[in-house]
Amino acid sequence: MNIPDNFQVIDHALIHHKLGLIRDKNTGLKEFRELVTEATMLLGYEATKDLSLKDAEVQTPITTAQVKTVEVADIVLVPIMRAGLSMAEGMLKLIPNARVGCVGMERDHETHQPVDYYFKIPNQAQKRTFIVLDPMLATGGTIIATVDRLKDLGADKILCVCIISAPEGMEAFCEQHQDVKVYTGALDDHLNSSKYIVPGLGDAGDRLYGTD
Ligand code: URA
């Protein structure tokens, strides 16, 4: 399978381990939530490694030190509701001062296109780095539409973190947004006729919120 340059499957022993537990249908609600948070932290660690840095100076107890800092107030986490909210918790453990903009998308019954019913994003999009969070990159429709909306606001620094991806979503997303990098924990086999990822983990929202 051809993997686009802007799509990265993060190969890490702990991510493999946690994905095994996340996929297991016998994993309970509490543990599932904790694992999603933990997997997001591992993916987020890798996804944020090239955030831009600024030089700064601090006084240590001994002397002056030249240090590097991330402009955390310019980082905006964008969880796509509802399953993305649990990923925001993981990312906030890494970047506790990040801003959070929430997006809710649903499919229009007539056009079948994703439309947002909720879109609350901090202003000054041009100077922000947006980290879009959705555990499942399935068809890609929702996440493509979210990035479209962010770009409409002037955003040009956007990256996405997904726990599990389908080849169909990867291809659709990477064709539409070649300038936006996607970090994922696994590239699965395919989508089934109900657009669930196979083997996947089932419905991420239902498993996170106990609505199955
Ligand atoms: N959304 C989910 O929650 N699971 C899938 O497999 C695909 C989309």
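Trainee: Which residue is the bridge partner of Val103 in β7?
Mentor: Phe119 is the bridge partner of Val103. Keep in mind that this is a predicted model.

Trainee: How do β6 and β7 pair, parallel or antiparallel?
Mentor: Antiparallel, over six bridges. Strand β6 covers residues 102–107, and strand β7 covers residues 114–120.

Trainee: What do β6 and β7 form?
Mentor: They form a hairpin, with six residues between the two strands. Look at His112 in the turn: its phi is positive, about 65 degrees.

Trainee: New topic. Which strands pair with β10 in the parallel sense?
Mentor: β8 is one of them, joined to β10 over four bridges. Strand β9, residues 136–137, pairs with β10 over two bridges. β11 also runs parallel to β10, with six bridges between them.

Trainee: Which residues stand opposite each other there?
Mentor: Start with Ile131, which stands opposite Leu159 in β10. Leu159 in turn stands opposite Lys181 in β11. Then there is Leu137, opposite Ser165 in β10.

Trainee: How does the chain cross from β9 to β10?
Mentor: Through helix α4, residues 141–152. That β-α-β crossover is right-handed.

Trainee: And what do β10, helix α5 and β11 make?
Mentor: A β-α-β unit, and a right-handed one. Helix α5 covers residues 167–176.

Trainee: How many residues of β10 are buried?
Mentor: Eight of its eight, so "buried" here means under 20% relative accessible area for each.

Trainee: On to the largest nonpolar core. Which residues touch the most other members?
Mentor: Ile131, Leu133, Val161 and Ile163 do, in a core of 35 residues.

Trainee: Which elements each supply at least two residues of this core?
Mentor: Helices α1, α2, α3 and α6 are on the list. The strands are β4, β8, β10 and β11.

Trainee: Which one gives the most to this core?
Mentor: α2, with six residues.

Trainee: Which residues does the second core include?
Mentor: Among them are Val78, Phe119, Ile143 and Ala145. This core is separate and has 26 residues.

How values were computed: Residues are numbered from 1 along each chain as its sequence is written. This is a predicted model: local features need pLDDT of at least 70, side-chain atom pairs count only at pLDDT 80 or more; totals for chains, interfaces and linings use all residues. Side-chain values use heavy atoms; hydrogens and water are left out. A nonpolar core is a set of buried Ala, Val, Leu, Ile, Met, Phe, Trp, Tyr and Cys residues joined through side-chain atoms within 4.5 Å. Buried means under 20% relative accessible area, exposed over 50%, partly exposed in between (1.4 Å probe, protein chains only). Two strands pair if DSSP finds at least two bridges between them. A crossover is right-handed if, with the strands pointing away from the viewer, the path from the first strand over the helix to the second runs clockwise.
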